[in-house]
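Biologist: I am new to this structure and would like a short tour. Could we begin with how the chain is put together?

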Amino acid sequence: MECLFCKMIEREVPADIVYEDEHVLAFNDINPQAPTHVLIIPKKHIATLNDLNESDLETVGRLQYVAAKLAKQNGFAEDGYRVVMNCNKDGGQTVYHIHMHLLGGREFTWPAG
Ligand code: 5GP
Ligand code: ZN
């Protein structure tokens with residue numbers, strides 16, 4: 001499988017893992033945009049949000065649940081944080097295995113940055 005994130009799941013490519021369970025892996029982004037920038041991915045390969053099936057809905061819920069868990073662990077859950085999922089070119093997706101960005105530890109502006 002020529003997918004960077006699948007290779008991380010298989011331990012063929014190193015990752016700075018911060019959380020793992022049966023369904024989900026989370027690791028620090030290599031190019032952090034905030035003091036905490038974690039990528040939370042399903043262990044099942046799903047290329048984009050457009051490829052989700054109804055049977056994947058629990059998986060996506062788990063990504064969100066792990067994001068909140070990590071926000072609490074990192075101490076910024078109450079101050080607030082941002083979660084982002086980019087889809088395809090216009091959304092800025094560069095890795096085609098769905099992932100939730102968890103960004104925290106600073107204040108964010110909206111809609112960008
Ligand atoms: P996207 O642009 O697809 O929403 O997000 C992809 C993210 O993956 C980017 O934030 C990028 O920095 C991160 N990324 C790309 N290659 C690697 C890598 O080899 N290791 C890690 N830890 N993150 C990566
Ligand atoms: Zn993959």
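Modeller: Let us start with the contacts. Among contacts in the chain with a separation of 6 or more, 56% are between residues 24 or more positions apart. Please keep in mind that this is a predicted model.

Biologist: How many helices and strands does the chain have?

Modeller: There are three helices and five strands in the chain.

Biologist: And in what order do the elements run from the N terminus on?

Modeller: The order is α-β-β-β-α-β-α-β.

Biologist: What box do the C-alpha atoms fill?

Modeller: Taken along the principal axes, the box is roughly 40 × 30 × 25 Å.

Biologist: What share of the residues counts as buried?

Modeller: The share is 22% of the 113 residues of the chain.

Biologist: Let us change topic to the ligand. Which residues come nearest to ligand 1?

Modeller: Ligand 1 has 13 residues around it, and those that come nearest are Ile30, Asn31, Asn86, Thr94 and Val95.

Biologist: What is the make-up of that shell by class?

Modeller: The shell around ligand 1 has six nonpolar residues, six polar residues and one charged residue.

Biologist: Which peptide bond is cis here?

Modeller: The bond from Trp110 to Pro111 is cis, and its omega is near 10°. Pro111 belongs to the segment that follows strand E5 (100-104).

Biologist: What about Arg11: what is its phi, and where does Arg11 lie?

Modeller: Arg11 is not a glycine, yet its phi is positive, near 65°. Its place is the loop between helix H1 (4-9) and strand E1 (17-20).

Biologist: Is Arg11 buried or exposed?

Modeller: Arg11 counts as exposed, because it has 9 C-beta neighbours inside 10 Å, and 12 or fewer is the cut-off for exposed.

Biologist: What is the phi of Asn88, and in which helix is that residue?

Modeller: Asn88 has a positive phi of about 60°, although it is not a glycine. Asn88 is in helix H3, which covers residues 88-91.

Biologist: Why does Asn88 count as exposed?

Modeller: Asn88 has 12 C-beta neighbours inside 10 Å, and therefore it counts as exposed.

Methods: Residues are numbered from 1 along each chain as its sequence is written. Chains are lettered from A and ligands numbered from 1 in the order in which they are written. This is a predicted model: local features need pLDDT of at least 70, side-chain atom pairs count only at pLDDT 80 or more; totals for chains, interfaces and linings use all residues. A residue is near a molecule or strand if its C-beta atom, placed from the backbone, lies within 6 Å of it. Ala, Val, Leu, Ile, Met, Phe, Trp, Tyr, Cys and Pro count as nonpolar, Asp, Glu, Lys and Arg as charged, and the others, Gly among them, as polar. Helices (H or I, at least four residues) and strands (E, at least two) are DSSP runs, numbered from the N terminus. A residue is buried if 20 or more other C-beta atoms lie within 10 Å of its own, exposed if 12 or fewer, and partly exposed in between; C-beta atoms are placed from the backbone. Two residues are in contact if their C-beta atoms, placed from the backbone, lie within 7 Å.
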